[in-house]
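Here are a few friendly notes to read alongside the model. Take them one at a time, with the structure open beside you.

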Amino acid sequence: MKIPENLKYTEQHEWVRIEGDTAVVGITDYAQRELGDVVYVELPSVGDEAKAATPFGVVEAVKTVSDLFSPVSGEIAAVNEALSTDAGIVNKSPYEDGWMIKIKMSDTSELGSLLGPQDYEKLVGKEL
Amino acid sequence: MPRETPLAQKHRELGARFVEFAGWLMPVQYSGLVEEHTAVREAAGIFDVSHMGEIWFRGPGAIDAADGLVTNDISSLRSGQVLYTTMCTERGGIVDDFLAYRVGDEVLFVLNASNTEKGFRWIRSHTEKEAHVEDLSEKTVQVALQGPRAEDVLKKAGMAELLSLPHNGHVSIEIEGLQVLASRTGYTGEDGFELYHDTRDSDRLWNLLFEAGRGFGLKPVGLGARDTLRFEMGYCLYGNDIDESTTPFEAGLGWTVKLQKKKFLGREFLVRQKQEGVRRKLVGLEMLENAIPRTGYPVTSGGKEIGRVTSGTFSPSLKKGLAMAYLPVEASKPGTEVTVLVRGKEHRASVTKLPFYRRGSRK
């Protein structure tokens, strides 16, 4: 299972990549494995508000529906449109092509409460 | 603590994920739901369904006792035949739906796991004292082999004699010293077999079939894919699509109700309902928009709730959101457009004929 060193993580299994004042968000390799085949992703619209630790969308596998939680607060700057036609990209490439939203952060201090790769690995280890 | 089937260790070795279902710890998934589902549609799958309940009617009066409990006609069943039936309350509510086997002068009911205890109590309290009814669920392993390559697997496993079974036929055979009751039945829409044997022989039949299936793409299949496979066929799942508040006529199971039978539980009510007609019907719904209907989601028309989804999922074979729901008769005609509320938002859907999936290999 991949847990890239350069990302931050949430306890709900989202990852965050920082690009300047923008946070790119997706779900982790562990999350996509637990979900199984992802068949539908519901995402917000560009311009919507994102709030830390609050659902921003939904990911559905064949038999399950799970909320997606925003790691940080801000404004939705972009959504991955490719997922609306092929949600399975989330399984194939959770950290790259399977990204979900980009958030223009309003409070970068929130990044401090996210997990580093080692802490996330520990969290996942407990759940395994 | 949930019970385990005699095959639990096998499932662990195969990397299964487990779920508690009806008091049993059952494999829900091995390699992945879609992969398992597809294996059954295109090759073959093997299922442990030992959680099902096996109730035997024996001794004098066994046939009559069994026949008086169910809506379908067991008295005209010949030995070696199986039929699907419902068992109803006086009010026509479905107590359980299951396969009934005529084995010589005995009858076997294979009850849903979630209903085995309730069903057995129901049967005991509604049969004459002289009829001998026995619950052998704890002593029975049930394995299902399903898919277009099921015959190939059986041939390879040295069980070619089963290939001559017609659909809904059964026979008792001996394989490597193992006594097996085998029927050409299933819950997937594919050709396939369901096999029963004593728990003493725990995993021998499973191993035999598993080894034989290696060259044919056989995969172990969990309850997850079992549900999507039955759903695509529009087969009812007890507790979701049918229960004691629904009748066979409402559920589209009128073909299992033989009103010409003089006597069976629920007959009076069902005769009346047949005359008066039902007010709601279980229908298939096909989403016309990109959304997945789930159990419990409201079905609306003109902004008003007209029903609820009883089973709904993304269909792995048809690659879209599908559902079953009870709708008022006026809204139950194929082609009728309704909406399903998904997280508070209306999404268009169309009433469609069942089964959803029509390319199965079932014979």
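**Notes on the two domains of chain B**

1. Chain B is divided into domain 1 (1-278) and domain 2 (279-352), with bounds that come from an automatic or database domain assignment. This is a predicted model, in which local features need pLDDT of at least 70, side-chain atom pairs count only at pLDDT 80 or more, and totals for chains, interfaces and linings use all residues. Residues are numbered from 1 along each chain as its sequence is written, chains are lettered from A and ligands numbered from 1 in the order in which they are written, and side-chain values use heavy atoms, with hydrogens and water left out.

2. Taken over C-alpha atoms, the centres of domain 1 and domain 2 of chain B are 28 Å apart. Where they touch, 20 residues of domain 1 of chain B are in contact with 18 residues of domain 2 of chain B (contact means heavy atoms within 4.5 Å).

3. How much area do domain 1 and domain 2 of chain B bury between them? The value is about 1400 Å², with 58% of it on carbon and sulfur atoms. Buried area is the accessible area (1.4 Å probe) that two parts lose on being put together, summed over both. On the side of domain 1 of chain B, the residues that lose the most area to domain 2 are B:Phe231, B:Glu250 and B:Val278, together 41% of what that side buries.

4. B:Glu250 also has a charged partner: its side chain meets that of B:Arg280 in a salt bridge (3.3 Å, N to O). The term asks for a side-chain nitrogen of Lys or Arg within 4 Å of a carboxyl oxygen of Asp or Glu. Between domain 1 and domain 2 of chain B, the count is one salt bridge.
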